[in-house]
Amino acid sequence: MVLYSLNRTFVPMIIGFDAKRIVRNGTGLGSYSRTLVNNLIVQCPEDTELRLYAPDKGIDALRNQIKPGVTWCYPSPFSPFFSLLSPLMKPYWRSHGIVNDLKRDGVEVFHGLSGELPIGLRKAGIKGVVTIHDLIFLRHPEWYNTVDVMFYKWKFHKTLKEATKIIAISECTKRDIIHYGKVEPERIELIYQSFTLPTKPSTLNPHPSILKKLGVDSYILSVGTVEERKNLGLAVKALDYLPDNVHLVAVGRQTDYAKSLPKHPRLHLMGQLPIEELTALYDGAEAFVYPSRYEGFGIPIIEAISRGLPVVACTGSCLEEAGGPDSIYVDPDDAQAMANAIKSVLKGAPDREQRIERSKEYIKRFEGNDVAAQVMQLYQNL
């Protein structure tokens with residue numbers, strides 16, 4: 001890993017960001033974007049201006065998570081026509097019209113935080129940086145609607161034409177960009193994403209507040225959208241090979257896939273939870289499972305390790321990068337192996353505490369300010 005330092009003279013800049021996910025997405029791309037921008041505010045050299053461009057103000061609770069020190073920019077309601085057709089005009093502004101606003105504001109570098117850049121950016125003389133999180137829609141199109149795959153593929157190739165520099169959040173994603181985009185490796189910068197879970201102990205006691213009514217004593221935790229790709233069914237099947245007192249608690253938005261999961265009395269689907277309750281569940285768990293078949297990175301693994309949990313995940317994508325050598329990885333179709341791995345990290349298991357401490361040391365590479373320093377250095381290099 002390359003470490004960057006801001007202890008040098010920097011050229012003042014005006015940097016723009018695609019802020020749609022910041023004001024609209026509570027997790028995933030929204031979390032990545034808010035974390036990076038907030039850390040850049042702390043790292044930002046004097047006289048450098050950060051401007052956040054969003055098609056509307058979005059959700060107040062999400063927008064208000066951004067620290068003071070940025071300028072918010074929205075499309076001008078230039079006529080009643082815009083207001084009348086805003087559901088159509090807002091996406092058009094984000095993919096085309098925003099370029100005129102960037103030129104007007106003197107933006108020198110524009111960062112697409114969620115895999116997209118507006119068309120015309122390069123022609124306008126504005127340096128484009130794009131973060132690409134994953135190309136799962138190309139690697140596994142069977143998990144997507146055919147029309148969506150065609151649209152995502154078109155946007156991906158358009159974005160590559162506009163980008164001066166591409167940020168990949170994992171080696172796995174970098175390999176996919178090179179393979180599917182035919183991109184020269186020197187155009188890609190590997191910069192891992194950081195995480196935002198609070199580091200202090202939760203003020204909630206997870207057992208009585210969330211789980212007591214379910215009769216849960218000991219549990220393993222899984223966090224993520226309950227969908228086919230995330231493969232939660234593997235962890236459910238593993239319950240049959242685990243002690244009868246061990247339950248599985250799954251937190252995340254539920255899709256139709258949740259209805260197809262095996263019925264099990266020790267499975268508890270919690271839906272989405274506020275960060276304080278989620279933190280409490282991390283703190284009360286014995287282990288963390290992440291049986292996903294394919295990820296661009298796997299931030300919940302890092303969150304779990306930061307809360308002192310051993311991790312069991314699956315092979316086949318980038319999860320070894322996120323969890324490091326002291327997490328355990330099994331085949332995504334082998335329930336017995338998943339159960340054996342979980343048994344080996346439950347409380348009282350040999351080397352459990354040492355495994356946790358080594359993993360905590362490993363994830364220090366994902367700390368926010370170091371990531372922000374690398375990104376700021378990238379802007380300056382342009």
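How many residues of the chain count as buried, as a percentage? Of the 382 residues, 54% do, where buried means under 20% relative accessible area, exposed over 50% and partly exposed in between, with a 1.4 Å probe and protein chains only. The structure is a predicted model, in which local features need pLDDT of at least 70 and side-chain atom pairs count only at pLDDT 80 or more, while totals for chains, interfaces and linings use all residues. Residues are numbered from 1 along each chain as its sequence is written, and side-chain values use heavy atoms, with hydrogens and water left out.

**The whole chain**

Begin with a cartoon view, which contains 16 helices and 13 strands; these are DSSP runs numbered from the N terminus, helices being H or I of at least four residues and strands E of at least two. With a contact defined as heavy atoms within 4.5 Å, residues 24 or more positions apart account for 66% of the contacts with a separation of 6 or more.

**The parallel sheet**

Next, select the six strands of the open, parallel sheet, ordered β10-β9-β8-β11-β12-β13. Its edge strands, β10 (267-271) and β13 (328-330), each pair on one side only; pairing requires at least two DSSP bridges between two strands. On average, neighbouring strands are turned by 25° against each other, direction ignored.

Within this sheet, display residues 287-290 (β11) and 311-314 (β12), which pair in the parallel sense over three bridges. Val289 has Val312 of β12 as its bridge partner.

**Helix α12**

Colouring α12 by accessibility shows seven of its eight residues buried, among them Pro300, Glu303 and Ala304. The cover over these buried residues includes α11 (275-284), α13 (319-323) and α15, as well as β8, β11 and β12. Just after the helix, select Gly308, which takes a positive phi of about 90°.

**Ile363**

Finally, centre on Ile363, in the loop between α15 (352-362) and α16 (368-381). Is this residue buried or exposed? Ile363 is buried, with a relative accessible area of 5%. Leaving aside residues up to four places away in sequence, Ile363 touches Phe195, Ile302, Ile305, Ser306 and Ala322.

Key: Axes fitted to C-alpha atoms, helices over the stretch in contact; angles between N-to-C directions.
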